[in-house]
Amino acid sequence: MARVILRDGKIAELRVVHNGDEDAAKLQQLFASASKDSLYLRFFHAVREVDPKVLEDMLAGDGENRLSLMCVWSDRVLGVGNYMRTGEDVAEVSFFVRDDVQGKGVGSLLLEHLAQAAWRYGFRRFEAQVLYENNKMLQVFAASGYEVRRTLKSGVVYLNLPLIQTERSRALQETREKLATAASLMPFFQPRTVAVIGASRDPGRLGHLLLRHILEGHFQGTVYPVNPGATAVAAVRSYPSVADIPESVDLAIIAVPAQQVPEVVEACVQAQVRGVMVISAGFSETGEEGRRVEQKLAERLRGVGCRLIGPNSLGILTTDSEVSLNASFAPHLPTQRGVAIASQSGALGVAILEYAQQLSLGISSFVSVGNKADVSSNDLLQFWEDDLGTDIIVLYLESFGNPRKFSNITRRITRHKPVLAVKSARTSGGASVSNFPLLNVGSADAVVEALFQQTGIIRLDTLQELFDVAALLSCQPLPKGDNVAIVTNTGGGAVITVDALLREGMKFVHPVVDLGFETLAEGYKQVLPQVLRDPNVDAVVVLYAEVGVYEENGVQAAIADAVEEVSGEPGLDPKPVVANFLMKGDYRVRYISTQSGRIPVYPFPEQAAHALGKVGAYARYRRSPAGRMPDISHVDTDSARGAVRKSMERHALSPDQTLAEQIGSGAASMRHRAVTVPLASACVVEVLRAVGIHFNPQINPADGSGLTWLRLSMTHDPLFGPVLRAVRLASTPFNHDAPHGELKAVHRLFPLTDLDTESAMSDLLPDLLNAMESSARADLKEIFLRMSALIDQVPEIVQMDDLTLQVRVDSVRVFACRMHAEG
C-alpha cells in the first residue's frame, strides 16, 4: 500500500485491487452507493447494477496486461482506477470516484500512480474515452501535465496520453502533493483543541511538563488534560479518556508508558482525533519488536486518515500569535521570528532551540520528528515552503527517508528560502550509535554531499557553524557578488580573515583598510560608508581588537551610525556587514543594533569569514539560473528501452516482488527484480546509439597518452536511487602497463539538470574546460545529459560501468561501456 494525501489533508491508502471476495464486495458497494448520473458518465448508458464481467476485469490484474488500484479511507473505497492492454504498448485507462469526494484529487492520484505502474511494465501511452459532458474527468486528464491529445467524435472525447513525464507533469504532481501535505499538517501547526494524554499531577513527569508549558505559553485554543486518576491537573479540569472530552480534538499528545500507547491510539481513532504526537519512547529505537508495534500504530492511524509525529518525539511548538503552542520540553515559547527547526534527535533538538533563543534567533516553529513513523522532514519542508512566518529552515538529520523526494522539495525551496542542514552519522562510528544507521557510510556521505550541492542546501559540519550562518542570514542581506572588503585595526586579524575568505571561495578586495589604534570610533564612522559605497565591494568584514583603552561601545555605535548613513541611499544595494570583536569572556555571537536591523558580531575572525563564505556560496546558487532538463535531439528512449526489454526476454525474467509491494514502495523502488543480467555488447551499443551516444570502434592505446580520460558509471544506491560517479583517470585505461589511479571523483544524483552537468564538468576538468572549443564542451555536456535521460527513462538499467571518454581540446570520443539490467 502507498500513503496518499487528498486535497483536504485526509490521508488515504492507494493499493492494488485483490482478486477475492472482500475486494469484490467493496467494489460492489462503491458502485451501489453511486448516483445515476455518475454511473451514466462512467459506463455511457443508464446502469442499474454493474455488470459482473466489469467487476471480474477489475479484480484480475497482474500489471502486465491489466491493473486496478483502489483508494481507501477509513475502510471506505473512495475510488477505483484501472488500465487494460489494448495493444503492444498501449492500455485503456478509466476511473470511478465516489460522488461525495469528487474534486478532492482522488482521480488525479489514481491516474498518476496507474501511469507510473504502466510505464514500469513497458506501456508507452494511455488511451481513454470520456463523454463530452463529463467535465470533471476531462479536467483530471487536462491537469495531469501529460501531453494529452483530444479527438471529439459522436459526443465522446478520445484521449491519447504519452506516459513519459514532462517538466509540467512533474511540477503539477509536486504542487498537488505540497498543498495536500500542508493541509494534512494543520492539526499540528494550527490546532484549536489539544489533549494531553498522560498529564500527570506529578510536576516531574513528562505529561505534566508538557501541559504546564502549553499553559504558560498562552495557547490560544483549549487544552484538555487526560488522566483517569485525577479530576484536575495544574488547576485544569481533567478527563478520564479522550472520548470524554466535550469537543472534537485536533491534536492529541500521548505521554504514557509504551505498553499503553496502542490502547490510547485506538481511543484517539474512535474519538476521530485529527493528529497524534507520541512522546513515549520504547519503539523502533529499541529493536525489532518495538519496530513492529510502531508500524502497527502508524498503519492504524493512517487507515483513518490521522497523521502521526513520533514516537519518541520531544514535542512541537509554533509561535504564530494566533496559536502560541509550546507542546515541547523547551521551558519558554521563543520570540516570534522566521527560523523553523526540524530535528531527528529530540534532546539535541531542544538544546538547539534553547541555544537559538540565547542568540536571539526568533523561531517560527520547531518539531522533534522522533522515529518518523509517519511525519518526516520532507512533510515539514513542504509545510514550511509557503509558510509566510518562516524565512529560514534548519534541519538536524541523521538519515533520509526518501532522498529523491527530499531533493525535489529542497530544489524548489532553496530558490527563495535558505535551508541549513547538519547531517550527522557521517562516519561508521557515528552511524553505529545512531537510531538511523546508513547502509554504506563512506559512499553515502559522498552522495549526501552531492545531494546538498545539487539542491542548494547549506551544509554545516557542526552546530556552531549552523548558528554562525543562521545568525548572519537572519539579519543581513545576501551578497550580490563575491568581493569582500576588510576594515580593521588589527593586521593579524586581517591575515586570518583573508585566508579564511579565500578558502571559502570568496574574493578579497585590496587593500585592507587598517585604521591603526588611534581615534578608532571616528575612523570606523568615516571609512565604513566609503567602503560600502564602493561598487566593487559586495560585502564587508569589520574587525576590532581592543588595545589598551576600552572603546568597544564607541566602536559599536560608530559602526551602527556608518551603516545607517548609507542605508536606503538611492541606487545602492544593501550589502551584508559582519563583524569580529576580539574580546574576552563571551564567545557567543552577539549583535550591533542599528535602526534598520542588526549586525552579527563573531568572537573570532575566521568564524565571521566562514559564515560569510557559506552565505556567499548560497547567494551564488540563488543568482544562478534554475537548472532544467533540456530537450536534446536524437534521444529515442523508447527504442533504447525496447532493446533492453528484448534482451531481457531472452533470459525469461520474472519479478519476485509482488505487484502490491511495487506500488507500495513507490516508483523509485519498483525496479527491484529477482535477477540482474549483463547486457550483450551489441545491445549496449544499440541502446547508447538510440540516445545519441556513439562509440569509437577502435583505439590505438598509444594514441591516448597525454590526453584526459573520464569514466562515467551509474549504480542504484539502495537509499538514494540512481547515482552518477564520474572519475578523472590518471592515465589511459587502455595501457595495461600504466597505473590507473583516480585524480578526481564526483557524484551526482540522477536525473541531471544542465547545471548539475556543468558543475560536474567544472569539478572534473578545472584546468581544461576553458581551453576546450565550444563544440567539444557542448558534446561533453550532452553525453552527461543523454546518459541521464537513458537512466531516467529506462528503469530496467540498474548499473552502467566504465563509459569511457577521451577528452581533447577539440573533441570528445566515447569508448567501452558495460550495462546490467533487472527485469
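User: Why is aspartate 250 called buried?

Analyst: In this predicted model, aspartate 250 has a relative accessible area of 10%. Buried means under 20%, so aspartate 250 is classed as buried.

User: What makes aspartate 250 and arginine 274 a salt bridge?

Analyst: Their closest N and O atoms are 3.3 Å apart. The cut-off is 4 Å between a side-chain nitrogen of Lys or Arg and a carboxyl oxygen of Asp or Glu, and the pair therefore qualifies. Aspartate 250 lies in the loop between strand 12 and strand 13, and arginine 274 in the loop between helix 9 and strand 14, so the pair ties together parts 24 residues apart in sequence.

User: Why is arginine 274 called partly exposed?

Analyst: Its relative accessibility is 41%.

User: How do you know that the buried residues of helix 9 are on the same side?

Analyst: The buried residues of helix 9 are Val261, Val264, Val265, Cys268 and Val269. They cover an arc of only 150° around the axis, which means that they share one side of helix 9. On the other side, Glu263 and Gln270 are exposed.

User: What covers the buried residues of helix 9?

Analyst: The covering elements include strand 9, strand 13, strand 14 and helix 10.

User: What makes glutamate 742 and arginine 725 a salt bridge?

Analyst: The closest N and O atoms of this pair are 2.9 Å apart, which is within the 4 Å cut-off. Glutamate 742 is in strand 33 and arginine 725 in strand 32, 17 residues apart.

Conventions:
Residues are numbered from 1 along each chain as its sequence is written. This is a predicted model: local features need pLDDT of at least 70, side-chain atom pairs count only at pLDDT 80 or more; totals for chains, interfaces and linings use all residues. Side-chain values use heavy atoms; hydrogens and water are left out. Buried means under 20% relative accessible area, exposed over 50%, partly exposed in between (1.4 Å probe, protein chains only). Helices (H or I, at least four residues) and strands (E, at least two) are DSSP runs, numbered from the N terminus. The arc is that of the directions from the helix axis to the C-beta atoms. Contact means heavy atoms within 4.5 Å.
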